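Hi,

Here is the structure I said I'd pass on. Have a look at it first, and my notes follow below.

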Amino acid sequence: MKNYQYGQSSKSNAFNWFFHRISGTLLIFFLVTHFWVQHYNSSTQSVGHKAVNSSELEKVSQGTKENTLGYPEGGKLTPYDRVMQRLKSPDYAILWKAFNILFLVFALHHGFYGLTNIISDYVKNGTARAIAVTACWLLAGTLFVVGAYSTIVAGLDLGSKATAWLP
Amino acid sequence: MERVKYKLSPHMIAWLFHRLSGIAIVLYLILHVWGLKALAQGPEQFNHLIAKYHLPAFKIGEILLLAACAYHAFNGFRIVLVDLLGWSNKQKKMWFVAAGLALLIVIVGGYPSLMAVLG
């Protein structure tokens, strides 16, 4: 069983340590851009500024034309329509999909590397630690596959078969 | 087994907030990626998900998420400056700047969400 104590580890974690700082800095740029497009630019935002109470949830979620999510044009477009508008031009779609997949990779590496650091601080038993760390990276890998696949096929009209395997 | 003792100093609070906000953001990231696969599944699923994000509980969660992200980003950038540029002599001053900027972002950015719930 691999021993993770200082000085006895077979592999240096220096790259991950360094990359944590690089990815963290890049994530600030990704997050600001993502936030601007998604939440603050009224022509592109796909999340409006109104709260919806649970009694009107069903009506709003049907995507009726009078949805009350608080978009600038009075809810004529549903959230799905607004995202599809962003993806209408193929060049723009490729740019945004590439942006979001990169964002996903950096966020997953940064987040789950951080989580494995925390696990290493508290889980002293070598076997338990190895299991927990492996589980973290498996979860990160699963999220990458689901997230990247969903991003790529979004708006491509491939039919329900293309997404039937998604949980 | 030797136990590490934590003393609650300002440095420890800066570190603890960073760690807790980090855990919160990872939990949100899992939910976010898992939820947004609805975009590939079709309009019904996606519109239903986004409608749920407008429930008051989520609007409050949005403010907490913004607080976690803002603190983690500014304090994280402070750590990068200390680690990669060696600005350790300025690190304490930088923490107050980071915390101040985070607070400002939470007030300005959280206002629409708060008003959505109250108004």
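A search of the whole structure turns up 1 cavity of 30 Å³ or more. By cavity I mean a set of points, on a 1 Å grid over the protein atoms alone, where a 1.4 Å probe fits but cannot get out; lining residues have an atom within 4 Å of a point. The largest cavity holds about 130 Å³ of space, a volume being the space filled by probe spheres set on the points, with grid points joined across faces, edges and corners. It is lined by 14 residues, and Phe35(A), Tyr40(A), Glu62(B), Gly109(B) and Ser113(B) are the closest to its centre.

Before you go on: this is a predicted model, where local features need pLDDT of at least 70 and side-chain atom pairs 80 or more, while totals for chains, interfaces and linings use all residues. Residues are numbered from 1 along each chain as its sequence is written, chains are lettered from A and ligands numbered from 1 in the order written, and side-chain values use heavy atoms, without hydrogens and water.

Now the interface. 53 residues of chain A are in contact (heavy atoms within 4.5 Å) with 41 residues of chain B. The two chains bury about 3700 Å² between them, 74% of it on carbon and sulfur atoms; that is accessible area (1.4 Å probe) lost on being put together, summed over both. On the chain A side, Arg21(A), Tyr80(A) and Leu143(A) lose the most area to chain B.

There are 2 salt bridges between chain A and chain B, meaning a side-chain nitrogen of Lys or Arg within 4 Å of a carboxyl oxygen of Asp or Glu. Arg21(A) turns up again here, paired with Asp83(B) at 2.8 Å, N to O.

Cheers

How values were computed. 1 Å grid on protein atoms, 1.4 Å probe; cavity = no way out; pocket = protein on both sides within 12 Å on 5 of 7 lines; lining within 4 Å.
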